[in-house]
Amino acid sequence: MKKMELFALEIDESLFYDEAIYYMKMPESWRKFFSNERSDNHYKLAYKVEPLGKKLKSIFPEIISVHSNHKVLRYDHPWLVSTKPISELYIKQLTLGWLAHLKGYSISELPQDIRDSKPAWVSGTFGDIHEFVDNFQWVPGMAAIKFCQDPKIFDLGDELREELKFYHIIFNGKHECISNPLQKSNRHDPFSYVIRFDLKTRGGDAGRYLLTISLGTRRYLSKEQIEDGKCFMRSGHACSVLVSVKNPYVTSSDKSFSQLKFERKFGGGSSFTRWETALDELYWDVLNGKTFESDALLVDTRVLFEGTQEITAYVVNNNLFHGNSVKAGIGLSEKRGLYNLAKSFLVEFGAKELPLIPDISRRGMNDSRFPIVAVKEERITIEIYSSEQMFETVRKVLTTAQKSIEDVVILEQRSDSLFKLNCDKEVIVELVHCNPEGIVAELEIDRYKDKSLAQNKRINQIFKQLTNGEQRENSVIALVEIDEKDKWREGADPKRAIREGMKRAGRLSQFIYPLTDDETYDLSRIINAVLDLLNDYGLFSGNIRKIYVPGTLLSVTILKADNRYLPAISRLAGTDLSIKLLGIDGWMSLQEAALRMDSAKFLDYPQKGNRSAEVFEAFITQEIQNELDRCKEQLIVLVNATLRYKWMKSIGNAQIKRDQTPIFNERLSAEPRLKFIRINATDDVPQYRIIDRKEFNKSSGIFKDPIGVYYGVGGRPRAWSGINNAATKFSSPSKQLLQQRAVEYIPLGAKDEDEMDELAIFVDHLRRIGLTYDKHTIFPYTTRVLNSLSKYITGNEDDYDVDAEFDEEVEVELEEKITIF
């Protein structure tokens, strides 16, 4: 029998109570500064303490806990907790610089009492102050620091057996241990192994703390990115750099790394980049004694990486730079070796191993997409805005049997332009080649000072062009050939405008990159793009005929667009899929929902002063009650676990109970036909390894732990095929080594364990009824189609089914096999 081992250990914070620490309280004058500075309405503080604390923590990883809420200001609780007494001068200068920045002053213009403050460290133990500090910060921080105290032997057999030195860093607020950089050859970029520690609780078992251990890699730049007056860094988000500055007053040879961030700058000036925040810039003045221009990171990349001078800097090689010789991911044996290092160290310290989790999969499910399942007979027009060559290639691919999709033909030709879809009903597809001229050209940003005007002009141009043309009574969807993001000038990429213009003209849209010299690659991309387009339209794979949907299924989520939030529900009854959006009466088809989203009612993020959470709960409560009144069978509600933050507290880890549905009102809590399944695909779900006959592999299954939490592992996506389980990042740095993500299911309200098992198997099978190219999506189909609607609000495409280790700094590169957007 297959078994799963979660990369997590049960841990008691009292194990660290005797550890020596230093804590600092915020000087009174600083506390008064934050408390007295009020916003215009006089009810809120003008400035938050949190950004300062977060940045100090990232700069000084020895600071393993920062208390940034009102209690620091009101009750004089410990502000900073550190394992070492960092120079008070550093803390003071960085803080004064930050306060001056907030006010638009120089430091000399700050009030005298603020400048004269004298922050001081107090020595003690965690046992002395544990009630005042956040154990979700200091417990993983303490574990990481102690793990890094001594070098570790990393043994991969003949391939690699090396003593690795690990360094504790705070990366995006998380405690990590990064290894000294490794480099396979001069042809490859360097990378580090990364071990991340996090303290978590579990749904329905919130009193028990688990220290999760996540494993991955972090890749670094090795080549200059500013040459001959040109900068090859793209914009989009900030780039991280790990910096170590040699302290002239400390003789220790050990390094301490800080995470700073810089970003691409546009407009006037002699530099291409800038530091993201004032504290990133202040870091150099305080710790280095002089200003350091961020451009130097991309000019002297190799020199700074080698650390031959006083500064060592590792620039994280993410998707802001062209090319990367080291692909994302990590090998199974590397994961096993790193986890064993961390586990053996922590178990020896007093942490407890978790039992292996058995597989409960009692029946399999064939991955058969065809025939496609439709709700009704109809005619669909697919407009293809492309070159003539792309159009003919798409037409040929769709009308030829393809081995990659069960050796079937997607479209059976009826006439020159009409085809019958490989479907259970008579669905006729018309392929129409459309001239892309004017639609896919770059935005005319040079003509407008406000770049949004160029985008609005293109939206209106597309709407006018499409609505003035031939009008069809049947549904129309569009496939658009367009260049990759890096082919466009900054601000000139027209994708968002095209998406919005198509939407206003009544068309769902899908993009595809131009043809290449790789026919296999092009074939995969074309099939994927067309199936994704049909999936967005609301068609199902043949797998939906193989599962029993017991009654009606509702899926609930919140769609985010910038600072706006839209509650959304999908309903599946048999093969009838419909969508309900807050603010729009009546249920809609998936296509109608995408095209009418601008008419929906968006909410602010829940907080004091608004009723967003109440409005959301009232909305879903009413719809659940309506469904119970409408049908007499069972009603299953899938809820995204992220809703427990502010939106739906009744599904929080400490609130849920396995034998009860979340409490909304008296009627629903007593309704025996109502079942809930909480689905969690965040990093709350631990990494894992699957053991089958003593071998570690990438197989799939559904695993159940003793407290009734299920973990679904889907089949490997096609883009990850062909990689041997024995491959490692060290030996094959240019290969993408990814593993399926485990998704957590918690059934709520089931009458017994058998019903819990059935609900878990059911929701796992729902991951395979969509038309997407890969076997398993991360989210069940009814949740995933809601997420896919987001691109019709923002214009941007998110891939909900791909997960690389530490994906905030590592983009999964799918260009080898498929392109999804």
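**Contacts, helix packing and salt bridges in the predicted model**

Beyond its neighbours within four places in sequence, Ser-386 is in contact with Phe-391, His-433, Cys-434, Pro-436 and Glu-481. The model is predicted. Ser-386 sits in the loop between β21 (378-385) and α12 (388-398). Its relative accessible area is 3%, so Ser-386 is buried. A polar atom of the Ser-386 side chain lies 3.5 Å from the backbone nitrogen of Phe-391.

UniProt lists residues 423-542 as "domain: Prokaryotic pPIWI-RE MID", in an unreviewed entry. Over residues 423-542, the chain is 38% helix and 17% strand. The end C-alpha atoms of this stretch are 9 Å apart.

Lys-261 belongs to strand β16 (residues 258-264). Lys-261 is buried, yet has no salt bridge. The nearest side chain of opposite charge is that of Glu-276, 4.9 Å away. Residues up to four places away in sequence aside, Lys-261 touches Asn-172, Ala-238, Cys-239, Ser-240, Trp-275, Glu-276 and Asp-280.

Helix α17 covers residues 612-630. At 1.5 Å a residue, its 19 residues should span 27 Å. The end C-alpha atoms are 27 Å apart, which agrees. The buried residues of α17 include Val-615, Phe-616, Phe-619, Ile-620, Ile-624 and Leu-628. Glu-623, Gln-625 and Glu-627 are also among them. The buried residues of α17 pack against the strands β27 (552-561), β28 (564-573), β29 (576-581), β30 (635-640) and β31 (674-680). They also pack against α18 (666-669).

Most residues other than glycine have a negative phi, and most peptide bonds are trans. The peptide bond from Phe-370 to Pro-371 is cis, with omega near 0°. Pro-371 is placed in the loop between β20 (357-358) and β21. Asp-228 has a positive phi, near 50°. Asp-228 occupies the loop between β13 (226-227) and β14 (230-231). With a relative accessible area of 79%, Asp-228 is exposed. Lys-646 also has a positive phi, of about 80°, although it is not a glycine. Lys-646 lies in the loop between β30 and α18. At 45% relative accessibility, Lys-646 is partly exposed.

The salt bridges number 50. One of them joins the side chains of Glu-19 and Lys-146, at 3.4 Å from N to O. Glu-19 lies in the loop between β2 (8-10) and β3 (20-25), and Lys-146 in helix α7 (residues 135-147), so the pair ties together parts 127 residues apart in sequence. Glu-19 is buried at 18% relative accessibility. Lys-146 is buried with a relative accessible area of 13%.

Asp-424 forms a salt bridge with Arg-545, with the closest N and O atoms 2.5 Å apart. Asp-424 is in the loop between β23 (418-421) and β24 (427-434), and Arg-545 in the loop between α15 (519-537) and β27, so this pair ties together parts 121 residues apart in sequence. Asp-424 is partly exposed at 31% relative accessibility. Arg-545 is exposed, with a relative accessible area of 51%.

A salt bridge also links Glu-671 and Arg-673, whose closest N and O atoms are 3.3 Å apart. Glu-671 is buried at 15%, whereas Arg-673 is partly exposed at 21%. Finally, a network of salt bridges links Lys-174, Asp-198, Lys-200, Arg-644, Asp-683 and Asp-684.

Notes. Residues numbered from 1 in each chain as written. Predicted model: local features only at pLDDT ≥ 70, side-chain atom pairs only at ≥ 80, totals over all residues. Heavy atoms only, no water. UniProt positions renumbered as here; feature names shortened; annotations may be inferred. Helix = DSSP H or I, 4+ residues; strand = E, 2+ residues; numbered from the N terminus. Buried < 20%, exposed > 50% of the residue type's maximum accessible area, 1.4 Å probe, protein only. Lys, Arg positive; Asp, Glu negative; His and termini not counted. Salt bridge = Lys/Arg side-chain N within 4 Å of Asp/Glu carboxyl O. Contact = heavy atoms within 4.5 Å. Polar contact = N/O pair within 3.5 Å; in protein donor to acceptor, adjacent residues only side chain to side chain. Expected span 1.5 Å × (residues − 1).
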